[in-house]
Amino acid sequence: TNSSSTSTDGLLLQRADPTTLYISMIRDPVDRVVSHYKYDQRWSCSDLVQEEFIPTKQNAANTTLLDFVDNAEEEPSSSCAQNCYAKWSTNQVWASSSHTSTTTRGAAETKLLREAREALVDSQHLIVVYEWLQHVPEYVKSLERMFGGMTGLADPPYHDHPDDYCGMESLQANEKVPMEPLSESMKEYIRERNSVDVTLYRELTSCRTFHFPNRSIVDHPEQANATFSTAGAVAKHHMPPSVDPPPVITE
(Lines give C-alpha, C1' and ligand atoms only; values in the text may rest on other atoms or scores of the structure.)
Protein backbone atom coordinates (compact mmCIF):
# COMPACT_ATOMS: atom_id res chain seq x y z
CA THR A 1 0.00 0.00 0.00
CA ASN A 2 1.28 3.44 -0.87
CA SER A 3 -1.36 5.27 1.13
CA SER A 4 -0.78 8.87 2.09
CA SER A 5 -2.33 12.16 3.06
CA THR A 6 -1.02 15.55 2.09
CA SER A 7 -0.52 18.78 3.95
CA THR A 8 -1.15 22.27 2.65
CA ASP A 9 2.52 22.80 1.80
CA GLY A 10 2.55 19.76 -0.50
CA LEU A 11 4.59 17.44 1.71
CA LEU A 12 3.24 14.14 2.94
CA LEU A 13 1.94 14.24 6.47
CA GLN A 14 3.89 12.08 8.87
CA ARG A 15 2.07 8.72 8.76
CA ALA A 16 -1.31 10.36 8.83
CA ASP A 17 -3.16 7.22 9.97
CA PRO A 18 -1.40 5.58 12.93
CA THR A 19 -3.11 2.25 12.21
CA THR A 20 -1.73 2.06 8.65
CA LEU A 21 1.59 0.55 7.65
CA TYR A 22 3.00 2.80 4.92
CA ILE A 23 5.02 0.99 2.25
CA SER A 24 6.44 2.23 -1.05
CA MET A 25 8.42 0.55 -3.78
CA ILE A 26 11.30 2.11 -5.68
CA ARG A 27 12.80 0.96 -8.96
CA ASP A 28 15.80 1.96 -11.03
CA PRO A 29 14.59 5.29 -12.53
CA VAL A 30 15.72 4.49 -16.08
CA ASP A 31 13.97 1.12 -16.05
CA ARG A 32 10.86 2.71 -14.57
CA VAL A 33 10.66 5.36 -17.29
CA VAL A 34 11.18 2.79 -20.04
CA SER A 35 8.57 0.46 -18.53
CA HIS A 36 6.05 3.28 -18.26
CA TYR A 37 6.69 4.17 -21.87
CA LYS A 38 6.42 0.57 -23.09
CA TYR A 39 3.16 -0.25 -21.40
CA ASP A 40 1.44 3.12 -21.46
CA GLN A 41 2.72 5.07 -24.44
CA ARG A 42 3.67 2.88 -27.43
CA TRP A 43 0.06 2.14 -28.32
CA SER A 44 -3.14 3.67 -27.02
CA CYS A 45 -5.45 1.52 -24.96
CA SER A 46 -8.34 2.45 -27.22
CA ASP A 47 -6.50 0.66 -30.05
CA LEU A 48 -5.17 -2.25 -28.03
CA VAL A 49 -8.58 -3.34 -26.76
CA GLN A 50 -9.97 -3.56 -30.29
CA GLU A 51 -10.14 -7.22 -31.30
CA GLU A 52 -9.09 -6.48 -34.86
CA PHE A 53 -6.08 -4.33 -33.92
CA ILE A 54 -2.67 -5.81 -34.74
CA PRO A 55 0.34 -4.08 -33.13
CA THR A 56 3.26 -3.44 -35.48
CA LYS A 57 6.43 -1.38 -35.53
CA GLN A 58 4.70 1.03 -37.85
CA ASN A 59 1.71 1.73 -35.59
CA ALA A 60 3.82 1.69 -32.43
CA ALA A 61 4.81 5.31 -33.01
CA ASN A 62 2.09 6.68 -30.74
CA THR A 63 4.94 8.70 -29.22
CA THR A 64 8.69 8.15 -29.13
CA LEU A 65 10.61 7.53 -25.94
CA LEU A 66 12.48 10.80 -26.42
CA ASP A 67 9.21 12.70 -26.85
CA PHE A 68 7.80 10.96 -23.79
CA VAL A 69 10.72 12.13 -21.66
CA ASP A 70 10.92 15.62 -23.14
CA ASN A 71 7.19 16.37 -23.08
CA ALA A 72 6.58 15.22 -19.53
CA GLU A 73 5.85 18.79 -18.48
CA GLU A 74 3.37 19.64 -21.23
CA GLU A 75 1.29 16.47 -21.41
CA PRO A 76 -0.47 15.32 -18.21
CA SER A 77 -0.53 11.73 -19.51
CA SER A 78 3.27 11.87 -19.73
CA SER A 79 3.87 13.47 -16.36
CA CYS A 80 5.64 10.41 -14.96
CA ALA A 81 8.79 10.67 -17.03
CA GLN A 82 10.84 13.00 -14.86
CA ASN A 83 11.67 12.55 -11.16
CA CYS A 84 8.41 10.73 -10.45
CA TYR A 85 9.42 9.22 -7.11
CA ALA A 86 10.43 12.61 -5.75
CA LYS A 87 7.25 14.24 -7.04
CA TRP A 88 4.98 11.47 -5.79
CA SER A 89 6.49 11.54 -2.32
CA THR A 90 6.04 15.32 -2.05
CA ASN A 91 2.66 15.52 -3.79
CA GLN A 92 4.16 17.49 -6.69
CA VAL A 93 3.36 15.05 -9.49
CA TRP A 94 1.98 17.85 -11.64
CA ALA A 95 4.83 20.24 -10.88
CA SER A 96 6.98 21.31 -13.79
CA SER A 97 10.70 20.59 -13.95
CA SER A 98 11.22 23.00 -16.83
CA HIS A 99 13.14 26.13 -15.98
CA THR A 100 14.58 28.96 -17.99
CA SER A 101 18.16 28.35 -16.98
CA THR A 102 20.40 25.52 -15.83
CA THR A 103 20.99 27.41 -12.57
CA THR A 104 17.26 27.74 -11.85
CA ARG A 105 16.65 24.11 -12.69
CA GLY A 106 19.52 23.01 -10.48
CA ALA A 107 18.17 24.98 -7.54
CA ALA A 108 14.68 23.54 -8.05
CA GLU A 109 16.03 19.98 -8.19
CA THR A 110 18.10 20.53 -5.04
CA LYS A 111 14.95 21.70 -3.26
CA LEU A 112 12.93 18.76 -4.59
CA LEU A 113 15.59 16.28 -3.45
CA ARG A 114 15.64 17.74 0.05
CA GLU A 115 11.85 17.66 0.32
CA ALA A 116 11.65 14.12 -1.07
CA ARG A 117 14.19 12.83 1.45
CA GLU A 118 12.25 14.39 4.30
CA ALA A 119 8.88 13.19 3.01
CA LEU A 120 10.01 9.60 2.47
CA VAL A 121 11.48 9.31 5.95
CA ASP A 122 8.49 11.00 7.59
CA SER A 123 5.74 9.17 5.71
CA GLN A 124 6.95 5.64 4.95
CA HIS A 125 7.63 2.73 7.27
CA LEU A 126 9.27 0.66 4.56
CA ILE A 127 10.66 1.28 1.08
CA VAL A 128 10.97 -1.90 -0.99
CA VAL A 129 13.57 -2.11 -3.76
CA TYR A 130 12.07 -3.67 -6.88
CA GLU A 131 15.34 -5.06 -8.25
CA TRP A 132 16.14 -6.81 -4.97
CA LEU A 133 12.84 -8.66 -5.16
CA GLN A 134 14.05 -10.09 -8.44
CA HIS A 135 17.70 -10.77 -7.69
CA VAL A 136 18.31 -11.03 -3.93
CA PRO A 137 16.68 -14.15 -2.39
CA GLU A 138 17.77 -13.18 1.14
CA TYR A 139 15.89 -9.90 0.82
CA VAL A 140 12.72 -11.63 -0.37
CA LYS A 141 12.81 -14.20 2.42
CA SER A 142 13.29 -11.51 5.07
CA LEU A 143 10.30 -9.56 3.79
CA GLU A 144 8.15 -12.68 3.62
CA ARG A 145 9.06 -13.55 7.20
CA MET A 146 8.13 -10.06 8.29
CA PHE A 147 4.65 -10.53 6.81
CA GLY A 148 4.04 -13.75 8.67
CA GLY A 149 5.67 -16.26 6.35
CA MET A 150 3.78 -15.36 3.21
CA THR A 151 5.29 -16.52 -0.09
CA GLY A 152 5.36 -15.31 -3.67
CA LEU A 153 6.70 -11.77 -3.25
CA ALA A 154 9.24 -12.38 -6.01
CA ASP A 155 6.68 -13.80 -8.45
CA PRO A 156 6.01 -11.53 -11.47
CA PRO A 157 2.36 -10.63 -10.83
CA TYR A 158 1.95 -8.54 -13.97
CA HIS A 159 2.56 -11.49 -16.28
CA ASP A 160 0.15 -13.73 -14.40
CA HIS A 161 -2.75 -11.42 -13.74
CA PRO A 162 -2.37 -7.84 -14.97
CA ASP A 163 -5.34 -6.06 -13.51
CA ASP A 164 -5.09 -2.58 -15.00
CA TYR A 165 -7.04 -1.52 -18.06
CA CYS A 166 -5.56 -3.01 -21.28
CA GLY A 167 -2.64 -4.39 -19.23
CA MET A 168 -2.65 -7.81 -20.84
CA GLU A 169 -3.09 -6.35 -24.33
CA SER A 170 -0.15 -4.00 -23.78
CA LEU A 171 2.00 -6.83 -22.44
CA GLN A 172 1.21 -9.04 -25.42
CA ALA A 173 1.81 -6.19 -27.89
CA ASN A 174 5.26 -5.51 -26.45
CA GLU A 175 6.13 -9.20 -26.52
CA LYS A 176 5.12 -9.34 -30.17
CA VAL A 177 6.83 -6.07 -31.13
CA PRO A 178 9.70 -5.50 -28.66
CA MET A 179 11.47 -2.18 -28.37
CA GLU A 180 14.90 -1.71 -29.84
CA PRO A 181 17.66 -1.84 -27.18
CA LEU A 182 18.35 1.56 -25.64
CA SER A 183 21.57 3.29 -26.59
CA GLU A 184 23.91 4.36 -23.81
CA SER A 185 23.33 7.97 -24.78
CA MET A 186 19.57 7.56 -24.36
CA LYS A 187 20.03 5.91 -20.96
CA GLU A 188 22.26 8.78 -19.89
CA TYR A 189 19.71 11.34 -21.11
CA ILE A 190 16.97 9.69 -19.04
CA ARG A 191 19.27 9.69 -16.01
CA GLU A 192 19.96 13.39 -16.52
CA ARG A 193 16.26 14.20 -16.72
CA ASN A 194 15.65 12.10 -13.60
CA SER A 195 18.65 13.24 -11.59
CA VAL A 196 16.69 13.62 -8.34
CA ASP A 197 15.22 10.12 -8.59
CA VAL A 198 18.63 8.70 -9.53
CA THR A 199 20.10 10.22 -6.37
CA LEU A 200 17.25 8.91 -4.21
CA TYR A 201 17.59 5.43 -5.70
CA ARG A 202 21.35 5.39 -5.20
CA GLU A 203 20.96 6.44 -1.56
CA LEU A 204 18.12 4.03 -0.84
CA THR A 205 20.07 1.09 -2.25
CA SER A 206 23.46 1.97 -0.77
CA CYS A 207 22.90 0.01 2.41
CA ARG A 208 21.76 -3.61 2.14
CA THR A 209 20.23 -4.03 5.57
CA PHE A 210 17.94 -7.05 5.32
CA HIS A 211 16.83 -7.26 8.96
CA PHE A 212 13.15 -6.46 9.19
CA PRO A 213 10.85 -6.03 12.20
CA ASN A 214 8.82 -8.96 13.45
CA ARG A 215 5.19 -9.51 12.56
CA SER A 216 3.93 -7.41 15.47
CA ILE A 217 4.91 -4.24 13.58
CA VAL A 218 2.78 -5.32 10.64
CA ASP A 219 -0.17 -6.02 12.92
CA HIS A 220 0.33 -2.89 15.01
CA PRO A 221 1.93 -0.16 12.86
CA GLU A 222 1.09 2.46 15.49
CA GLN A 223 3.97 0.98 17.50
CA ALA A 224 6.44 1.68 14.70
CA ASN A 225 7.54 5.22 15.45
CA ALA A 226 10.51 4.98 13.08
CA THR A 227 11.33 4.17 9.51
CA PHE A 228 12.99 0.78 9.34
CA SER A 229 15.32 -1.17 7.11
CA THR A 230 16.46 0.50 3.89
CA ALA A 231 14.81 3.88 4.40
CA GLY A 232 15.96 4.24 8.00
CA ALA A 233 19.50 3.06 7.34
CA VAL A 234 19.88 5.44 4.44
CA ALA A 235 18.30 8.29 6.36
CA LYS A 236 20.86 7.85 9.10
CA HIS A 237 23.76 8.18 6.69
CA HIS A 238 22.50 10.51 3.98
CA MET A 239 20.03 12.99 5.41
CA PRO A 240 21.30 16.57 5.67
CA PRO A 241 21.92 17.89 9.21
CA SER A 242 18.60 19.74 9.25
CA VAL A 243 16.72 16.44 9.14
CA ASP A 244 16.38 14.38 12.29
CA PRO A 245 16.43 10.82 10.91
CA PRO A 246 14.66 8.00 12.68
CA PRO A 247 16.58 5.03 14.03
CA VAL A 248 16.66 1.68 12.25
CA ILE A 249 14.49 -1.02 13.81
CA THR A 250 15.92 -4.48 13.27
CA GLU A 251 13.80 -6.65 15.57
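## A friendly first look at the disulfide and its surroundings

The link between Cys-45 and Cys-166 is left-handed, with -40 degrees about the S-S bond. These two cysteines form a disulfide, S to S 1.9 Å, where a disulfide is a pair of cysteine sulfur atoms within 2.5 Å. The pair ties together distant parts of the chain, 121 residues apart: Cys-45 sits in helix H2 (residues 45–48), and Cys-166 lies in the loop between helix H8 (157–160) and helix H9 (167–176). Please keep in mind that this is a predicted model, in which local features need pLDDT of at least 70, side-chain atom pairs count only at pLDDT 80 or more, and totals for chains, interfaces and linings use all residues. Residues are numbered from 1 along each chain as its sequence is written, and side-chain values use heavy atoms, with hydrogens and water left out.

**The chain as a whole**

- The chain has 13 helices and 2 strands; helices (H or I, at least four residues) and strands (E, at least two) are DSSP runs, numbered from the N terminus.
- Of its 251 residues, 45% count as buried; buried means under 20% relative accessible area, exposed over 50%, and partly exposed in between (1.4 Å probe, protein chains only).
- The accessible surface comes to about 13,300 Å², with 51% belonging to carbon and sulfur atoms; such areas come from the Shrake-Rupley method with a 1.4 Å probe, and for residues only the protein chains shown count as cover.
- Among contacts with a separation of 6 or more, 67% are between residues 24 or more positions apart; contact means heavy atoms within 4.5 Å.

**Confidence**

- The mean pLDDT of the chain is 75, and 67% of its residues reach 70 or more; pLDDT is the predictor's confidence in each residue, from 0 to 100.
- Among the elements of the chain, helix H10 (residues 184–193) has the highest mean pLDDT (97) and helix H13 (residues 229–238) the lowest (38).
- Over residues 1–13, pLDDT stays under 50, and the model has 26 contacts beyond four places in sequence for this stretch.
- Over residues 226–251, pLDDT also stays under 50, with 62 contacts beyond four places in sequence.

**Cysteines**

- The structure holds 1 disulfide.
- Within that pair, Cys-45 is partly exposed at 22% relative accessibility, whereas Cys-166 is buried at 5%.
- The sulfur of Cys-80 has its closest cysteine sulfur in Cys-84, 4.2 Å away, which is too far for a bond.
- Cys-84 is in no disulfide.
- Cys-80 is buried, with a relative accessible area of 12%, and Cys-84 is buried at 1%.

**Helix H9**

- The buried residues of H9 are Gly-167, Ser-170, Leu-171, Ala-173 and Asn-174.
- Seen down the axis of H9, these buried residues fall within an arc of 165 degrees, so they line one face of the helix; the arc is that of the directions from the helix axis to the C-beta atoms.
- On the other side of H9, Glu-175 and Lys-176 are exposed.

**Asp-70 and its partners**

- Asp-70 belongs to helix H3 (residues 65–70) and is partly exposed, with a relative accessible area of 30%.
- Leaving aside neighbours within four places in sequence, Asp-70 is in contact with Gln-82 and Tyr-189.
- Asp-70 and Gln-82 are 12 residues apart in sequence and 8.7 Å apart in space, C-alpha to C-alpha.
- The side chains of Asp-70 and Tyr-189 are joined by a polar contact of 2.3 Å; a polar contact is a pair of N or O atoms within 3.5 Å, where, within protein, one must be able to donate a hydrogen and the other to accept it, and residues adjacent in sequence count only if both atoms are side-chain atoms.
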